[in-house]
Amino acid sequence: LLWAVFAGFIAAAVAPWLPSRRAHAWMWLVPAVPAGLFAWFASFIPRISGLQALDFRYPWIPGLGIGLDFRLDGLSLVFSLIITGIGALIFLYANRYFGHGTRLGAFHGLMLAFMGSMLGLVLSSNLIALYVFWELTSLFSFFLIGFEREQASARKAAWQALLVTNMGGLCLLAGFLLLSGMGGSLDIGVLAGRGETIRGHALYAPALILVLVGAFTKSAQFPFHFWLPDAMKAPTPVSAYLHSATMVKAGIYLLARLHPALGDTALWQNVLVACGGLTMSASAWLALSQTHLKSLLAYGTIWALGTLVVLLGIGTFHAMEVGVVLLVAHSLYKACLFMVAGILTHQTGEKDAEKLGGLRRDMPATFLAALAGAVSMAGLPPSIGFIAKELLLSVKGNPGPYRFVLLAIALGSAMAMFHIAAMVAFRPFFLARARLPGRVREADPLFLFSPLLLGFLGFFFGLISWPLSRQLLSPAVSVVLGRTEWVELSLWHGFNLALLLSLITLAGGITLFRFRVPIRMGLTAVPFRTLARFGPASVSIALSRGVMAVAAFQTHALQSGYLRAYLAVILSVILVGIGYALRAGGVDLPALAPMSIPWSDAALVLFMLAAALTTVVTASRMLAIAALGLVGFGMVLVFVLSGAPDLAMTQFLVEIATLLLLLLAFYHLPRLRAHSNPVSAAPSAALAVASGACVALVAYVVMGRPPSRWMADFFASRSLEEAHGRNIVNVILVDFRAFDTLGEITVLAVAAIAVTSLLRRTYAGTVANVSLVFRKAVRFIKPLMLVFSFFLLATGHHAPGGGFAGGLMAAAAYILLAMAEGVPQARRALPLHPKSLIGLGLTVSIASGLAGAPLGRPFLAGVWPPAVGLGSPLVFDAGVYLLVAGVTLAILFEFGEA
Amino acid sequence: MDTLAPILVGCLFATGVYNILRRSLIRVLIGFGLISHSANLLVFSSGGLRRGEPPVIPKGAVLPPEGFMDPLPQALVLTAIVIGFGLTGFLAALVVAANRKVGSEDADALREAKP
């Protein structure tokens, strides 16, 4: 079953890549996916009609009780069959609906993915999995409604639908979590068995309301109904699939599914009956003012959904029976009529029913399909729609006070449905022939196949209803009610009240249709329009505008666009944070120990301070860069004096490379301008002094502590014994903490690649006039430097040096060559491209880390084969050497040529 | 050196901060360099800033000489220095690219993207 659900997603991933030419055979493979699934699901009918339920469990996050658990029972089977069956017909239809140049592949992909999510939704028996599929349907419907992305109105409708359904989705998630908390499980089957506990729980009401908001937004119930008519901007196949047969029914499905756990309380009944009833009357009312084919049908859908909600609210066997019949009937006739509307618009280019007329001779087959759908929708015999309406009008056991109100609503809205059916199936085909540009041609058979088949099925099930009721509807009703019930349907109930009411609706519907124009005039009159301005749609628009305005205000307030403003904010926050931590932590400052400061130290510090200050006061860019270099060389001396030869060496080489880099990069730029005057510089200076003082304080506190030596002793005692190295710094880099180093050289590689892609070469470097002595000298020095770099690498494990210093030294050799002979010459002298060096280095380092794998050692564990004297950490260091050389050269060559 | 190090760390940081708050992107880059020196020094000095022996085990011995410097901060700083070079290169490339795009290394010239 997992594969059945994921078949949609897999096919969706494939579909966009199929060639989408019109006549191509590939196109016919797409409807085959849902058709195959339909056949597969249909093969379960015998077992399910024996009231079995099949469970399929696939663990997902077992620790949290979340699983891809699927349950195929009567209810989910009905929905699965609707989803795949109607899906297959709609895919077939869509192949003809879209002309050349549309993104048919993308459309098929989105539709298939939607179908997969929808199947997952109705089959999941785990609340979290259900929620995930629920949100996926919202997401794919967003793309499908906005499929004609060039139209602003389609994009807007898509946003509106997404916002409304996602808001509902969030409520739903909250409701689910409350529900699982009360029932102690995420499994719907388990929850259904604990209905008593849940209904008695204190949190029952909030959980129910949250779940209902989710279901109502999805199924377009009042007051969230407004997104559905707007969503008619979608291509017609989308409307026929999502907005009649599948997605909008998800809310209904959820209510039916949770009925055993949540249903049959006064709150449930009242809310569902009230909202459903309001939805029924509002949609019937609003439908009277519409003339667009698809909008009319959309209001018809909202009416059907409202009716289903009312029926679920009533919750008796009889109500459920009507519910499932109406569900199937509506899916059949509404998809059929949507496709007819699509064909009409496709062939005539007209969306307005009142502007069409007399088409029955030009399009006889379309007329037949429309008639078949409309008879079912209008509730005329012998269709399944008639059975549904008969049953609806005879629903017994309505909650007392509502009874007559509901009956009135049902009567009135059934008339409105008749009106809609007439508008779609009668108006375009009869009456005066409308003036249309060009001759209207009948649609071709493939285009007509799907609506005709659905229309036919409406009659078929009306006449021969027992296979449907016994095999499918009875198990579904039993699931919803939590007890076994048998549905018996028949066309002819004898002369009773329901038949009389049917006749009344028929007469009323004909009257409504006859006087539709004056009614419409009345409804669009001023008082109603002012009323509409306070409707929920305008609330939603105002809300989204408000959110946008707040976002814009906040962005303008926070995003000044000044780099220094951002930096100042960040620094200030850090300062406040550190200041607070120092206060709260109650740091006691170590006493200043009076000690003599060697004059050499004092001189070094003063020299570095002077250099640092120079960068602040100078107006010359070159001087500032040079001063930064002096600070760097001061660092070298600090490292030398403090027993860190590796650092000194590395810093020295990096300092040379940095100086070169900055000079190459900025030599050609214009003079530094004095952008700021002393006044505007004052806040920066204040912030600088404050943060400097803060950092100094931190340094003082850190250094005042008695140094903890246990890590130093740990590394010192194991360096030789376990890692076969005498230079402890290098041992840490390539062995103890090699994973860190691997991460760091990866960062270096990324930086080098970023530099080369930022500076696409503009012109080849020119060789400046370089003295002959220098050029000759470089010829001798370069090999010496290379040999020295190898030496640093080779001895690095035991003496100061190593891959970092060696790689920098090797790079320096080629940089000298570039200075003497030009970058192209240096590039040619290099055995590999710098980028290849980077890749090679990274590969060597990672490969060395795998050396321990055959021995079962972890990644990057050092391996020292006996009697070789060469261990995997040394290979790792060689990789570092190659990478550092590559990175340095890649960056510097790039600047040299830029 | 122990007494002077906090002062040096603080001053390098302060000059660095002042530089990165300037409009000139090159000054921002220089400020970045100063701040990384300051940070390296801070990390390095957490192992004690004094005249000490390098953490290298002499030939024939199994332990480094008495009073050797803590190797861990050194290892951390070593990679930080090299990464600092990579980032300096990246920043410089950004400045050059910005200069090509807007013809200036003035950070305020980049406000085109302001909402």
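This is a predicted model: local features need pLDDT of at least 70, side-chain atom pairs count only at pLDDT 80 or more; totals for chains, interfaces and linings use all residues.
Figure 1. A:Phe460 belongs to a nonpolar surface patch together with A:Phe456, A:Leu463, A:Ile464 and A:Trp466. The accessible area of these residues together is about 520 Å². Helix 20, which spans residues 445–463 of chain A, gives the most to the patch, with three residues.

**Figure 2. Salt bridge between A:Asp55 and A:Arg71.** Over all chains, the structure holds seven salt bridges. In the pair shown here, the closest N and O atoms of A:Asp55 and A:Arg71 are 3.4 Å apart. A:Asp55 lies in strand 1 (residues 54–61) and A:Arg71 in strand 2 (residues 66–72), both of chain A, so the pair ties together parts that are 16 residues apart in sequence. Both side chains belong to partly exposed residues: A:Asp55 has a relative accessible area of 38%, and A:Arg71 has a relative accessibility of 25%.

**Figure 3. Salt bridge between A:Asp73 and A:Arg71.** The N to O distance for this pair is 3.8 Å. A:Asp73 is buried, with a relative accessible area of 4%, whereas A:Arg71 is partly exposed.

**Figure 4. Salt bridge between A:Asp740 and A:Arg737.** The side chains meet at 2.3 Å, N to O. A:Asp740 is partly exposed at 32% relative accessibility, and A:Arg737 is partly exposed with a relative accessible area of 34%. Elsewhere, salt bridges that share partners join A:Asp55, A:Arg71, A:Asp73 and A:Arg257 into one network.

Technical notes:
Residues are numbered from 1 along each chain as its sequence is written. Chains are lettered from A and ligands numbered from 1 in the order in which they are written. Side-chain values use heavy atoms; hydrogens and water are left out. Patches are made of residues with over 30% relative accessible area and no salt bridge: like charges are joined within 9 Å, nonpolar side chains (Val, Leu, Ile, Met, Phe, Trp, Tyr) within 5 Å. Accessible areas come from the Shrake-Rupley method with a 1.4 Å probe; for residues, only the protein chains shown count as cover. A salt bridge is a side-chain nitrogen of Lys or Arg within 4 Å of a carboxyl oxygen of Asp or Glu. Helices (H or I, at least four residues) and strands (E, at least two) are DSSP runs, numbered from the N terminus. Buried means under 20% relative accessible area, exposed over 50%, partly exposed in between (1.4 Å probe, protein chains only).
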